[in-house]
2 protein chains.
Amino acid sequence: MASTDFMTSWREVEQIGATEAGGVERQAGTEEDRQVREWFRAFAERRGWRTTVDGIGNLFALIDFNPGAPYILVGSHLDSQPRGGRFDGAYGVMAGLHAAERVQQHFTDLGVSPRYNLAVVDWFNEEGGRFAPSIMGSSVYAGLKDRDEMLDRTDLAGVTVRNALESIGYLGGDEPPTAAGYVEIHIEQGRILEREGIPLGAVDSSWYTQKLDVEILGEQSHTGATLMEDRRDALYAASYVIIAFNEITRDYPPESLVSSVGQIVVEPNSPIVVNRRVHLVGDLRANDPAIVQDARNRLVARCAELAESHDVQIIVQDFDIRPNLYFPEEGVELVGKVATDLGIGIRRMQTMAGHDSIAMNTVAPTVMMFIPSIDGVSHCERELTLEQDMLTGVDALQGVLARMLDGVLDGVEPAPRY
Amino acid sequence: MASTDFMTSWREVEQIGATEAGGVERQAGTEEDRQVREWFRAFAERRGWRTTVDGIGNLFALIDFNPGAPYILVGSHLDSQPRGGRFDGAYGVMAGLHAAERVQQHFTDLGVSPRYNLAVVDWFNEEGGRFAPSIMGSSVYAGLKDRDEMLDRTDLAGVTVRNALESIGYLGGDEPPTAAGYVEIHIEQGRILEREGIPLGAVDSSWYTQKLDVEILGEQSHTGATLMEDRRDALYAASYVIIAFNEITRDYPPESLVSSVGQIVVEPNSPIVVNRRVHLVGDLRANDPAIVQDARNRLVARCAELAESHDVQIIVQDFDIRPNLYFPEEGVELVGKVATDLGIGIRRMQTMAGHDSIAMNTVAPTVMMFIPSIDGVSHCERELTLEQDMLTGVDALQGVLARMLDGVLDGVEPAPRY
């Protein structure tokens with residue numbers, strides 16, 4: 001068995017897909033995704049761990065203590081946003097690999113086997129930047145999304161998930177390990193821990209989120225020769241839609257609702273043509289479902305008004321609705337105990353962002369932890385977490401993992417499926 | 001020498017790159033562009049005309065009456081917008097080919113040679129939908145744009161003009177014919193001729209036009225986890241810029257200024273990421289240069305305000321400024337005489353759209369004619385001109401061409417270079 005300290009591994013992985021400005025670009029199913037997966041496999045194989053790949057590209061490293069027993073899964077995702085940060089997802093997988101190695105050593109030293117087996121996982125396409133929806137691999141694992149439907153999803157260039165996975169050699173056929181529990185550690189992507197000077201968060205719930213798919217259909221015409229009053233400009237109308245998605249947040253208490261348009265496709269997108277079609281995706285999130293639902297209804301009404309006033313057609317569809325989800329109280333308490341043992345501060349918190357743990361929480365008892373993010377920034381190259389905070393997180397993950405392998409969360413019911 | 005009637009040729013060419021909704025898609029340097037050029041060459045070669053291709057992909061069919069004499073050029077462009085119309089450009093080339101055939105027959109029947117030779121031309125990349133700027137081939141011919149610089153221009157996928165032309169076999173090396181005059185006929189792309197029931201327009205001038213290149217730089221972040229007040233959303237700010245480009249037209253007399261944003265590039269354009277960068281192109285046109293300049297100044301000021309209020313950087317650059325350009329009065333009068341001979345109505349008019357004739361007018365005496373467009377729509381699949389109007393246009397073009405070959409516009413000064 002090889003042993004490497006966490007920061008040595010970290011410095012290797014942050015080179016894969018590194019960008020000039022200090023981020024990484026490892027979008028799902030790309031060459032950089034393949035390279036980081038090869039790194040993960042080599043790490044596992046050097047330690048004698050088996051690796052398997054399931055039918056949606058989830059990659060597992062398996063440590064078997066009790067042949068035939070189910071597994072405690074630990075991990076996150078190694079894919080990134082375009083010009084994303086080094087920490088989002090990657091930290092959780094790397095912490096998982098190193099915590100697993102230490103926990104294996106711990107049980108070997110004790111000469112005992114824990115109740116469950118252990119699997120470290122790199123979930124496929126958590127980011128959803130190239131292929132929508134996000135949290136794809138873990139959602140298929142959890143039975144929340146249909147595998148064949150996800151394999152048929154395409155990126156903006158028309159490449160399917162199936163083809164992308166085949167092209168990097170990661171469309172597997174292995175049966176994934178059965179989960180007796182799941183634990184994930186992630187950067188906060190917010191400022192609460194940093195502001196309060198607390199190194200660890202125990203996530204007790206997630207915000208209610210939904211997306212709106214908006215299609216605006218006008219008429220293509222000449223930017224020079226068409227009278228202004230004859231234009232049915234899809235991009236002009238879309239600009240009001242984008243503004244509405246942003247400014248509707250002002251109608252609710254400050255920061256109780258966040259909303260943005262992230263993706264937009266414009267056709268024909270030629271400098272001297274009035275655009276005929278815009279397709280965009282808006283993203284609404286609040287802790288209170290009533291706020292998201294009220295904002296959604298008002299945006300739908302606003303789109304109807306804009307369709308009328310701009311003489312265009314606007315089609316709005318709900319998708320990717322994710323209710324509030326509560327992580328088990330027993331898991332939150334477990335994180336508290338581990339923090340006490342380590343002598344570190346801790347606080348409860350919510351997650352506004354989606355994570356693989358949200359899908360896994362519907363399958364098995366799930367624990368979700370956060371470590372601080374400098375300035376709270378994420379999905380960007382200047383994402384940063386301090387080395388000390390990363391190391392503290394690995395310690396905490398090790399403690400939680402060892403207790404979960406011993407069955408401390410047995411009997412806890414998973415959350416309802418959404 | 002073969003002979004084909006105009007509508008037979010027309011029905012062949014409108015099949016090349018035909019779209020389901022009745023338009024064509026033959027963007028510059030694509031396979032469809034290659035096919036339509038092959039059609040042009042075959043038409044010329046069946047009539048014993050030489051064809052040549054210059055260093056920016058302009059395609060010429062040469063009819064030599066007087067070896068060594070300069071040429072009267074007639075033509076337009078066979079490339080189209082994405083999902084464009086069948087008539088824009090293609091009509092002028094097809095009318096040129098058929099008028100040239102008839103004029104050649106006319107001089108053969110008379111047993112005399114005219115003063116000049118005759119060349120039909122398909123200018124490369126008039127549309128500019130794939131490669132900016134538009135009017136590329138004729139602008140290089142006219143010395144208004146540098147050939148090497150244009151060959152280095154790229155499309156949104158990073159393909160250069162040079163590579164696109166090479167890949168379709170149309171990066172030529174022939175010396176282009178020297179122009180003693182140029183004549184072009186085009187669909188109006190407006191409603192004036194249709195509304196007044198007049199079959200022919202003599203264009204006396206073009207509108208003042210300019211484009212503005214706008215780059216908006218914010219900061220990439222997470223759509224879920226970033227506080228609204230921390231976002232520096234480039235797409236949200238860009239929406240106000242797009243609206244400003246449109247609504248500034250309301251500050252001037254109705255339809256005295258037209259303005260739109262046609263092209264927009266968004267980065268990273270991922271559903272759950274606040275966008276860091278938007279690059280867009282706005283297009284301003286008016287007959288009165290003072291209106292364009294005033295609107296341009298106010299848009300620059302508005303962008304500065306938006307940069308401040310949205311905490312983003314906005315960089316605005318002028319490009320593709322085209323002054324009012326006046327076609328020679330002698331040419332307008334010539335079209336009037338031809339119309340009288342044919343017994344058809346005619347009116348003077350302006351062009352709001354750019355055309356190859358605007359570049360050619362700086363090189364040699366240039367005549368520009370319009371035929372009606374149903375509903376005035378253009379750069380779209382439902383672009384339509386009636387068969388009778390197309391045939392009348394060929395007759396008019398034949399009359400103008402025959403007289404120009406005999407030197408009727410000799411001594412007319414070209415317009416100043418811009």
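Strands here are DSSP runs of E with at least two residues, helices are runs of H or I with at least four, and both are numbered from the N terminus.

A word on the model. It is predicted, so local features need pLDDT of at least 70 and side-chain atom pairs count only at pLDDT 80 or more, while totals for chains, interfaces and linings use all residues. Residues are numbered from 1 along each chain as its sequence is written, and chains are lettered from A and ligands numbered from 1 in the order in which they are written.

Back to E4(A). In a regular strand the side chains alternate between the two faces of the sheet. Here A:Asn117, A:Ala119 and A:Val121 point one way. A:Leu118, A:Val120 and A:Asp122 point the other way.

Which strands pair with E4(A)? Pairing takes at least two DSSP bridges. Strand E2(A), residues 59-63, runs antiparallel to E4(A), with five bridges. There, A:Ile63 has A:Leu118 as its bridge partner. Strand E3(A), residues 71-76, is parallel to E4(A), over six bridges. In that pair, A:Val74 partners A:Val120.

Next, domains. An automatic or database assignment sets the bounds. Domain 1 of chain A is 6-207 + 324-405, and domain 2 is 208-322. Their centres, taken over C-alpha atoms, are 33 Å apart. Eight residues of domain 1 are in contact with 10 of domain 2. Contact means C-beta atoms, placed from the backbone, within 7 Å.

Now the two chains. 55 residues of chain A contact 55 residues of chain B. On the chain A side, E9(A) gives the largest share, seven residues.

How are the copies related? Chain A can be laid on chain B with an RMSD of 0.0 Å, by a turn of 180° and a shift of 0.0 Å along the axis. The two copies are thus related as by a two-fold rotation axis.

Terms used:
Contact = placed C-beta atoms within 7 Å. Least-squares fit on C-alpha atoms with pLDDT ≥ 70 in both. Buried ≥ 20, exposed ≤ 12 C-beta atoms within 10 Å, placed from the backbone.
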